[in-house]
Amino acid sequence: MGQIVGSMQSNVAEVFGGRRKRRRSTDTTASQEERERAQLDAKSPKKKKLLTTTQYIYNALFKEQKNSDVAVMALDKVWHLHKVYLSQSPYFYSMFNGSWKEAQQNFVHIKILDDRINADSLDAVFGSMYSDEIEIEVKDVIPVLATATLFHLDGIIDKCAEVMVDSINAETAIQYYEAACQYGVLSVKKSTFQWFQINLLSIYNKNPNLLRHISIDLMTLLTASHDLYVMQTEFSLYTLLRTWMFLQLHPQYDPEDPVQRAEAQKTQERLVNAGVETHTPSVDVVQWTYFASRMEERSFLATPEGQAYVPVFQKLRTQYLTNHYMDLKIIFNDNIIPKEWLYRHIHSHWDALLRIDHGQEDGSPQQLDKEQFFENCMRCGRLLLEPGYQKWRWTGFNYGMDLILIMDSRRLNIRRHHRHEHERVLSLQTKRKFMIRTTVTSINAQRQPVFTQTSEITTLSLEKNEEVSLMVLDPKLVHPLLISINMLVVTPPNQSFKEIVPQSEDSSLSATAIPISEIGASCERSLTPASADDSAVCVSGDSEASTPSSPSMGLRPAGRFSWPRGNAARTSDGESLCRDVAC
């Protein structure tokens, strides 16, 4: 027994002893490998990061201006540069390699005629020729673009375009568009114009000091665009144009100035006390008095001051300004648009209604090509901030069709609403046809379009209370969403009469007929607000909320102001007051 125990102890000792030996052997091998690596590192040359060639060239030749062979002077500043690097620019290559006198000289004086170019942008562009990169800040992008365009540096122009497209917002859009037009940067021009189409009525109606800087040419293009997101109806665009025109005519007027706002408020109170109905908030009362207090019969567009703005209002879809009583009353009172245009539209509307009633038009526009549809369609829009069930209608008489838009989950529907208890004048035809196109856009924090989904132009035929789907939203569309509807209900009449602005109104017509602006004076309908947000009516519940009833045909004395009845002295005070507060 003792022998067995002794044998086991010896075996255990050998096992553990062997493990210790192997551990020591492993440790010895690892330390030996480390020593070998250290010896190799000691023998190999040390690597030290030096300046790159580009950095060296930039610092030595541009910053320190060593070994310069040409001096360039511009805007009273001199750069000592090198012809071989400047020749990357076609501008300098032609100068140094042609028959120009500068090819034999070591001094070049460049006369800068473009006000956008400054010394900093020149320095940045000259420096880029000695480096493989350039940093462009948003505040400097237009001067750098102007400089790069002068020297024909396409690479820098493309880099400027990228910076500009990424930074389009309310503050930069106007400047970017003008610069893109001047320097021929088509990508920036396209992106900024698209941004304006989406945001013109959503942003600039709240920023008058930005609105006033939009040029007449740009505003004409935007007003004509069928892709303009009109929030909410064409009358909203009209009020925006009225404000924009007034601000351009009065560059010293600042509606955001507290003192001027207080004066406007006082003027509003005086007009109310005098019995003058302005139908406008106090912030806009100054422009109201400017247009409404003119004693001329001719429209403002017919005056020398208004001539420059005729192209803009010719592109306005004025045929859709006459389908709402209060809108029409305000427009007649402003007397900006020629009455002849409005009378023609009213005649066309009545003619279309008679044809629909007589069954000669089937209540629908005849098949039109895309160009005709886009040129004549009604434009309506709405902003949906959050998901959820929503439904609404846009105000105004729509040839006897009460159309309701419904957003339900990820589907946008349209319904021809028709109920006997509804107080609107509704078409009794079993089916009504119309053409429609739907566009939905998702925007980011800068209100730039992220994703857009557009339907084809579709002809719908709806029975009473029938509801159909307009669009199933793509999953890429996330809120907030902008919805734009293009729609045509009747065959459009010829609009060529708008090519002429009458220099005087037909006195015989105004003398024998009561102005339409004075029809329905006893209407209890709420006034159409100047805010574009209130031109659509939300509808909730099963019993559709209807717009107020049609106005009664009460008549009031002719005139451009809605003066109190039966008080001549008060009327005179109101007239003199409007003349006093006019700009």
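Helices (H or I, at least four residues) and strands (E, at least two) are DSSP runs, numbered from the N terminus. Welcome to this predicted model, where local features need pLDDT of at least 70, side-chain atom pairs count only at pLDDT 80 or more, and totals for chains, interfaces and linings use all residues. Residues are numbered from 1 along each chain as its sequence is written, and side-chain values use heavy atoms, leaving out hydrogens and water.

**A three-stranded sheet**

- Three strands form an open sheet in the order β2-β1-β3, with mixed pairing; strands pair if DSSP finds at least two bridges between them.
- β2 (77-81) and β3 (107-109) are the edge strands, each with a single partner, so one side of each has no neighbour in the sheet.
- β1 (residues 70-74) pairs with β2 in the antiparallel sense over five bridges, and M73 stands opposite V78 in β2.

**Salt bridges**

- The whole structure holds twelve salt bridges, each a side-chain nitrogen of Lys or Arg within 4 Å of a carboxyl oxygen of Asp or Glu.
- One of them joins R344 and E340, with the closest N and O atoms 3.0 Å apart; because these residues lie four apart in helix α17 (residues 339-358), about one helical turn separates them.
- Another links D227 with R437, at 2.7 Å between the closest N and O atoms.
- This pair connects distant parts of the chain, 210 residues apart: D227 sits in the loop between α11 (216-224) and α12 (234-249), and R437 in strand β8 (residues 431-443).

- R437 is buried, at 9% relative accessible area, while D227 is partly exposed, at 29%.
- Buried means under 20% relative accessible area, exposed over 50%, and partly exposed in between (1.4 Å probe, protein chains only).
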